Amino acid sequence: MKRGLILLLPLALGGCVVGTLAGAAVDVVTLPVKVASAGVDAVTTSQKEADEKRGREARKQDEERGKQARLAQERCRKGKALPTDDCAAVQPR
């Protein structure tokens, strides 16, 4: 009886081993595809990301223009305007 169980044990466990080996083989085969797709995702930019980047750049440019306009107004008020300052556009307060 024990001898019969010992002989049947490898057959009973064989499915587990085969399933594990098959799963490992699938992982090995699909790994290059996963690595390649991760690399493509890292290199490419989605439309949403591009829009967000353009929006950030536009806001940054607007902030810089506003800062330069405020500095020009201040120079005009103090009488220290630069040739590039448009003091006629400055409204006295």
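Which residue forms a salt bridge with glutamate 74, with the closest N and O atoms 3.8 Å apart? Lysine 78 does, and we'll get back to that pair once the overall picture is in place.

Keep in mind that this is a predicted model, where local features need pLDDT of at least 70, side-chain atom pairs count only at pLDDT 80 or more, and totals for chains, interfaces and linings use all residues. Residues are numbered from 1 along each chain as its sequence is written, and side-chain values use heavy atoms, with hydrogens and water left out.

**The chain as a whole**

Of the 93 residues in the chain, 4% are buried. Here "buried" means under 20% relative accessible area, "exposed" means over 50%, and "partly exposed" is in between (1.4 Å probe, protein chains only). The chain exposes about 8400 Å², and 64% of that comes from carbon and sulfur atoms. Those areas come from the Shrake-Rupley method with a 1.4 Å probe; for residues, only the protein chains shown count as cover.

**Helix α2**

Let's zoom in on α2, which covers residues 47-78. With its 32 residues, α2 reaches 47 Å from its first C-alpha to its last, close to the 46 Å expected. The expected span is 1.5 Å times one less than the number of residues. Just after α2 comes glycine 79, with a positive phi of about 80°.

**Salt bridges**

How many salt bridges does a search of the whole structure find? The search turns up four. To count, a side-chain nitrogen of Lys or Arg has to be within 4 Å of a carboxyl oxygen of Asp or Glu. Here are some of them:

| Pair | N to O distance | Spacing in α2 |
|---|---|---|
| Arginine 54 and aspartate 51 | 2.3 Å | three residues |
| Glutamate 74 and arginine 77 | 3.6 Å | three residues |
| Lysine 78 and glutamate 74 | 3.8 Å | four residues |

Back to the opening pair: lysine 78 and glutamate 74 both sit in helix α2, about one turn of the helix apart. Shared partners join Glu74, Arg77 and Lys78 into one network of salt bridges. Why does that kind of spacing work? An α-helix has 3.6 residues a turn, so residues three or four places apart point the same way.

How open are these side chains? Lysine 78 is exposed, at 55% relative accessible area, whereas glutamate 74 is partly exposed at 36% and arginine 77 is partly exposed at 41%. In the other pair, arginine 54 is partly exposed at 47%, and aspartate 51 is partly exposed at 38%.

**The disulfide**

A disulfide is a covalent bond between the sulfur atoms of two cysteines. In the search, a pair of cysteine sulfur atoms within 2.5 Å counts as one. The whole structure has one disulfide, formed by cysteine 76 and cysteine 87 with their sulfur atoms 2.0 Å apart. This pair links distant parts of the chain: cysteine 76 lies in helix α2, and cysteine 87 is 11 residues away in the segment after α2.

Is the disulfide left-handed or right-handed? The torsion about the S-S bond is about -85°, so the disulfide is left-handed. Cysteine 76 is buried, with a relative accessible area of 17%, while cysteine 87 counts as partly exposed at 33%.

Note on methods. Helix = DSSP H or I, 4+ residues; strand = E, 2+ residues; numbered from the N terminus.
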